[in-house]
Amino acid sequence: MPGNIVFSTVMGSIFILLYSITIIGLVLLILLENRNPLKTIPWVIVLIFVPGIGLVFYYFFGRDHYRMRIISRRIYKRFMKQIPVYRLPHNMGEIPPGYLPLAQLLNKSNYSAIFRGSDIAVYTKGPDKFSALLEDIHRAQHHIHFQYYIFSDDKIGYQVRQALIAKAREGVKIRLLYDDVGSWDTKNRFFEEMKKEGIEVFAFLKVVFPLLTSKVNYRNHRKIVVIDGRIGYMGGMNVADRYYEGNKLGPWRDTHFRITGPGVYGLQSSFLIDWHAASNLIIKGKEFYPESKTYSDMKMQVVMSGPTSQWLTLMQAFIFCISNAKKYIYIQTPYFLPTEALNQALQMAALGGIDVRLMIPKISDTRSAKMATFSYVDKMLKSGVKVFLYTKGFLHSKLLLVDDMLSCFGSANFDFRSFEHNFEINTFVYQKDFAVKMKKIFQQDICDCEEVTYAAWRKRPITNRLTESFMRLFAPLL
């Protein structure tokens with residue numbers, strides 16, 4: 001009996017020693033990675049004070065996959081070279097004055113082409129977007145490329161699936177991508193039924209054993225549809241009933257876009273790159289980039305970003321837009337968890353007299369993100385940023401507007417996850433008419449908001465502020 005006690009004591013001591021060495025080793029590894037201190041400090045705190053849970057969370061969410069190559073640059077360039085001559089740098093001269101450095105930044109860091117002549121329809125209500133999408137699916141003749149972060153097996157999901165199956169039976173080639181984590185709640189048989197009908201279906205970064213992989217932290221958040229290479233959809237809406245009819249939070253206010261013209265080439269390239277990453281298949285041919293007519297004088301760039309890119313392109317572009325604004329900056333986002341550089345850029349713009357307006361939801365689908373978001377409001381208000389809390393349901397729209405000239409929209413939220421972890425896609429549009437149109441939509445949304453005053457915000461209970469400040473420590477991890 002004493003021998004067993006001694007053995008247990010020795011084994012326990014060895015376990016504690018090895019575990020301690022592991023935790024210390026991980027802390028040193030995190031420090032040696034020279035990450036942003038705002039990301040380093042939360043992980044160090046978690047590993048030291050809750051080592052057991054912290055170790056599990058770090059394995060899933062903390063490891064730096066910056067150098068992980070889901071798709072090689074050689075393959076990436078091969079896809080980009082398929083785009084017709086519209087992408088050539090000589091079109092840079094058509095960019096409005098003041099935005100040429102931004103266009104060059106996006107071109108050099110992301111190979112983002114300059115597309116001239118597209119037309120964009122805007123949808124702020126789910127029924128309008130899905131009605132148009134289903135009609136375009138019905139008219140498809142050659143191919144449909146369909147990619148969503150969430151593809152739910154609910155009423156609208158079933159309706160969209162049946163429309164795709166009907167076109168597959170007519171001989172239209174359909175390729176479908178969904179994010180394996182985003183669509184976790186969707187039953188496998190929902191996708192199997194499509195496969196049986198000849199639709200090619202792949203999950204992006206499939207997570208077979210969630211407890212044995214860290215891929216759950218690197219998700220494909222893009223929402224793209226390309227029909228016959230001529231019509232494209234992108235924006236913030238997934239395929240789920242909440243975007244169509246709302247849920248317990250009320251209506252979901254989101255923004256989605258239908259693009260026709262050369263800009264569709266950018267969506268097509270993004271889809272085919274992700275398709276290769278998920279299926280290891282290379283799809284190419286002129287039929288995917290059919291000749292397009294010119295609809296307007298609109299100039300635009302379609303920008304892809306992700307954790308394996310060499311540059312944090314979207315974050316860099318947002319900093320440029322904010323730092324170079326002359327009149328106003330309008331932002332809509334469901335989650336406001338800015339990097340320190342973006343945080344300072346917005347405050348400096350407001351202090352410098354720029355009309356900075358930030359619209360965020362009053363209620364949220366993620367309590368932790370909401371609390372962390374609210375922790376940034378105090379300094380925003382103090383610096384002169386006008387903050388609006390959307391009250392007519394849940395605001396899920398992602399929008400950046402600058403000076404009646406630049407409009408940026410897509411799948412990226414204004415947070416660490418979108419800038420550093422997720423695979424996102426945004427479009428930068430350089431045109432006054434379109435920017436003014438988006439500005440009017442923003443101003444209409446203000447009618448469904450409560451404007452926050454600094455005096456009222458400071459009167460909130462100290463417990464709220466403490467909780468929000470604590471959650472802010474983990475903003476880079478949310």
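## T333, a buried loop residue

T333 counts as buried because its relative accessibility is 1%; buried means under 20% relative accessible area, exposed over 50%, and partly exposed in between, with a 1.4 Å probe and protein chains only. T333 sits in the loop between β11 and β12 (336–337). Helices (H or I, at least four residues) and strands (E, at least two) are DSSP runs, numbered from the N terminus. Leaving out residues up to four places away in sequence, T333 touches L358, M359, I360, P361, L395, S397, N413 and F414. Contact means heavy atoms within 4.5 Å.

This is a predicted model: local features need pLDDT of at least 70, side-chain atom pairs count only at pLDDT 80 or more, and totals for chains, interfaces and linings use all residues. Residues are numbered from 1 along each chain as its sequence is written, and side-chain values use heavy atoms, with hydrogens and water left out.

## Cavities

The structure holds three cavities of 30 Å³ or more. A cavity is a set of points, on a 1 Å grid over the protein atoms alone, where a 1.4 Å probe fits but cannot get out; lining residues have an atom within 4 Å of a point. Grid points are joined across faces, edges and corners, and a volume is the space filled by probe spheres set on the points.

The largest cavity has a volume of about 60 Å³. Its lining is F318, I331, Q332, K398, L399, L400, C408, A412, N413, F414 and N426. By class, the lining of the largest cavity has seven nonpolar, three polar and one charged residues. Here Ala, Val, Leu, Ile, Met, Phe, Trp, Tyr, Cys and Pro count as nonpolar, Asp, Glu, Lys and Arg as charged, and the others, Gly among them, as polar.

## The nine-stranded sheet

Nine strands form an open sheet with mixed pairing, in the order β1-β10-β19-β17-β16-β11-β13-β14-β20. Two strands pair if DSSP finds at least two bridges between them. The edges are β1 (115–116) and β20 (449–452); each has a single partner strand, so one side of each is left without a neighbour in the sheet. Inside the order, β11 runs parallel to β13 (residues 355–361), joined by five bridges. Y330 has R357 of β13 as its bridge partner.

Helix α10 (residues 264–279) packs on this sheet. Helix α10 touches β1, β10 (299–305) and β19 (424–430), and its direction makes about 15° with that of β10. Axes are lines fitted to C-alpha atoms, for helices over the stretch in contact, and angles run from 0 to 180 degrees between N-to-C directions. Helix α11 (residues 313–323) lies across β10, β11, β16, β17 (406–410) and β19, at about 30° to β19.

Helix α11 is mostly covered, with eight of its 11 residues buried. They are T313, L314, M315, A317, F318, F320, C321 and I322. F318 also lines the largest cavity.

## The seven-stranded sheet

A seven-stranded open sheet has the order β2-β9-β7-β6-β3-β4-β5, again with mixed pairing. At its edges stand β2 (119–123) and β5 (200–204), each with a single partner strand, so one side of each lacks a neighbour in the sheet. The twist averages 15° from one strand to the next.

Strand β7 (residues 231–235) is largely enclosed by the rest of the structure, because five of its five residues are buried. I231, Y233 and G235 point one way from β7, while G232 and M234 point the other way. In a regular strand the side chains alternate between the two faces of the sheet.

Strand β7 pairs with β9 (residues 256–260) in the antiparallel sense over five bridges. Y233 stands opposite R258 of β9, and I231 opposite T260. Strands β6 and β7 are antiparallel too, over four bridges. V226 has G232 as its bridge partner in β7. The β6–β7 hairpin has three residues between the strands, and D228 takes a positive phi near 60°.

## R219, a buried arginine

R219 lies in the loop between β5 and β6 (224–227). At 3% relative accessibility, R219 counts as buried. R219 and G182 are 37 residues apart in sequence, yet 7.7 Å apart in space, C-alpha to C-alpha.

Setting aside neighbours within four places in sequence, R219 contacts Y149, D179, D180, V181, F204, L205, V207, H421, N422 and F423.

Notes:
1 Å grid on protein atoms, 1.4 Å probe; cavity = no way out; pocket = protein on both sides within 12 Å on 5 of 7 lines; lining within 4 Å.
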